[in-house]
Amino acid sequence: MLGVCRGRRKFLAASLTLLCIPAITWLYLFAGSFEDGKPVSLSPLEAQPHSPRYTASSQRERESLEVRVREVEEENRALRRQLSLAQGRSPSHRRGNHSKTYSMEEGTGDSENLHAGIVAGNSSECGQQPVVEKCETIHVAIVCAGYNASRDVVTLVKSVLFHRRNPLHFHLIADSIAEQILATLFQTWMVPAVRVDFYNADELKSEVSWIPNKHYSGIYGLMKLVLTKTLPANLERVIVLDTDITFATDIAELWAVFHKFKGQQVLGLVENQSDWYLGNLWKNHRPWPALGRGYNTGVILLLLDKLRKMKWEQMWRLTAERELMGMLSTSLADQDIFNAVIKQNPFLVYQLPCFWNVQLSDHTRSEQCYRDVSDLKVIHWNSPKKLRVKNKHVEFFRNLYLTFLEYDGNLLRRELFGCPSEADVNSENLQKQLSELDEDDLCYEFRRERFTVHRTHLYFLHYEYEPASDNTDVTLVAQLSMDSLDSSQTLSPNVSCKTTFPERCL
């Protein structure tokens, strides 16, 4: 709003100036063109040197007036340009304000505005948006456990890699199954400028196992609460994502939002888009305490260094213990506890624009977050139904998700231009061997295949192997596409299927 007012004042000032200066100029010229009550001609044809009225003084006056006229004309031209630009900007300011009111494009840290849901007009569009340094590393934390979550993480990672222009460091809190699967995947994937660290989720169970949880995510759905303790002490900030997230933009845009945090703001969250925390979904519905509609924790910006200084561990534990005395268990895992803490400490939150977490669960207001495809940034399949959720535009969202699900991950093995990355020995050896091959050789494709490392996703489906006591196990190796997978499961109920998917199947 402040930017719009300033724009209008500049527009009016420029208009008045443009109207007044020519009038003053010509009055000045008209008054100065008389000498002894007679007009002085500015035309070089009339003011001849041989004229009796021609003097050195009048010549200087004429030249000075001509210079002044040229200066005034130049000023007028400049004012016209300024006025034209002001006219061109005014509608865009109005359109921008309308857009912000509709799709909540600007976040805010003011607790009153957060409670009222008023986001539009809190900041001027004239301010320059903070940018992320070209080769700055972006840190992403994900809790992942089991076979299903591992598959979801791969799709999430591909959507992030597809848009990214910065080095990435993934911090994966994983159980033994997910770590084995994902470690093999990233090792064979060999994506430049990507680092992956694993943290043993099983060792963290004792930190949150005392909290009864009814959410389908189970105990792993509570582990985002202990990230300040789990992640390295020198890590200052991190983006925390659920596994059922799909990115439709460069994650660096979200990383840049950290620069907007002020004061004691340490959590970046999007408002919850359902009525869950309003307590009106059904009779006797009693949700955990929350500020207004509450916040969704599928996408979180965490300022880890400040959270540690605030003694976050003690803060959330005391809140959880107090609320569990009456609530007995959580319904939405960590999200209930985060909201209970925020209810008591609203100053902790920087509210993110809702397009950073377009929630596709049933009965949400997600359609208010976008008007066009270009508005979408992060899609969150936060419903047990996942792709089968009901939504006006679910077909578009489903196609976007399936695009990344079926995307050939080999195409993401591209170097970041101008950003040096740690050399991978295996990748360097592979490139050296491939460069020594003769592309004109008729057998080039076959020889190349000997050195090609395919991305490998171990145990794409749930897998439990118990060796037969009589050593009569049979291993079936087959090359098949995703749509043929179901057929392989109908071979026999007694056949154990160990599924390994290379390359294009991921």
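**Exercise 1: A covered helix**

Helix α11 (residues 334–344) is mostly covered, since 9 of its 11 residues are buried. Here, buried means under 20% relative accessible area, exposed means over 50%, and partly exposed lies in between (1.4 Å probe, protein chains only). Helices (H or I, at least four residues) and strands (E, at least two) are DSSP runs, numbered from the N terminus. The model is predicted: local features need pLDDT of at least 70 and side-chain atom pairs count only at pLDDT 80 or more, whereas totals for chains, interfaces and linings use all residues. Residues are numbered from 1 along each chain as its sequence is written, and side-chain values use heavy atoms, with hydrogens and water left out.

Task: State which residues of α11 are buried and which elements they pack against.

Solution. 
- Step 1. The buried residues are D334, Q335, D336, I337, F338, N339, A340, V341 and I342.
- Step 2. These buried residues of α11 pack against β8, β9 (295–303), α10 and β10, where contact means heavy atoms within 4.5 Å.

**Exercise 2: Two helices that meet**

Task: Determine how the axes of α10 and α11 are placed, and list the residues through which the two helices meet.

Solution. 
- Step 1. The axes of α10 and α11 come within 9 Å and cross at roughly 100 degrees. Axes are lines fitted to C-alpha atoms, for helices over the stretch in contact, and angles run from 0 to 180 degrees between N-to-C directions.
- Step 2. Angles under 35 degrees count as roughly parallel, over 145 as roughly antiparallel, 65 to 115 as roughly perpendicular and the rest as oblique. The helices α10 and α11 are therefore roughly perpendicular to each other.
- Step 3. From α10, the residues W312, M315, W316, T319, A320, R322 and E323 meet I337, F338, A340, V341 and Q344 of α11.
- Step 4. By class, this contact of α10 with α11 has 8 nonpolar, 2 polar and 2 charged residues. Ala, Val, Leu, Ile, Met, Phe, Trp, Tyr, Cys and Pro count as nonpolar, Asp, Glu, Lys and Arg as charged, and the others, Gly among them, as polar.
- Step 5. T319 belongs to helix α10 (residues 312–327). T319 has a relative accessible area of 5% and is therefore buried. Residues up to four places away in sequence aside, T319 touches A340 and V341.

**Exercise 3: A second crossing**

Task: Describe how α4 and α12 cross and which residues make the contact.

Solution. 
- Step 1. The axes of α4 and helix α12 (residues 394–405) come within 8 Å, crossing at roughly 90 degrees.
- Step 2. α4 is therefore roughly perpendicular to α12.
- Step 3. α4 contributes D152, T155, K158, S159, F162 and H163, and α12 contributes Y401, F404 and L405.
- Step 4. The residues of this contact of α4 with α12 divide into 4 nonpolar, 3 polar and 2 charged.

**Exercise 4: The nonpolar core**

Task: Identify the residues that touch the most other members of the largest nonpolar core.

Solution. 
- Step 1. A nonpolar core is a set of buried Ala, Val, Leu, Ile, Met, Phe, Trp, Tyr and Cys residues joined through side-chain atoms within 4.5 Å.
- Step 2. Of the 103 residues in the largest such core, I239, F247, L267, L302, W316 and W356 touch the most other members. α4 gives the most to this core, with 7 residues.
- Step 3. Beyond its neighbours within four places in sequence, I239 has contacts that include I138, V140, W255, F258 and I300.

**Exercise 5: Buried loop residues**

Task: Are F261 and N272 buried or exposed?

Solution. 
- Step 1. F261 lies in the loop between α8 (251–255) and β8 (267–271). Its relative accessible area is 12%, so F261 is buried.
- Step 2. F261 and V349 are 88 residues apart in sequence, yet 8.8 Å apart in space, C-alpha to C-alpha.
- Step 3. N272 is found in the loop between β8 and β9. At 4% relative accessibility, N272 is also counted as buried.
- Step 4. With neighbours within four places in sequence left aside, the contacts of N272 include Y277, R293, Q335 and Q359.

**Exercise 6: The whole chain**

Task: How many helices and strands does the chain have?

Solution. 
- Step 1. The chain has 15 helices and 14 strands.
- Step 2. Of its 506 residues, 44% are buried.
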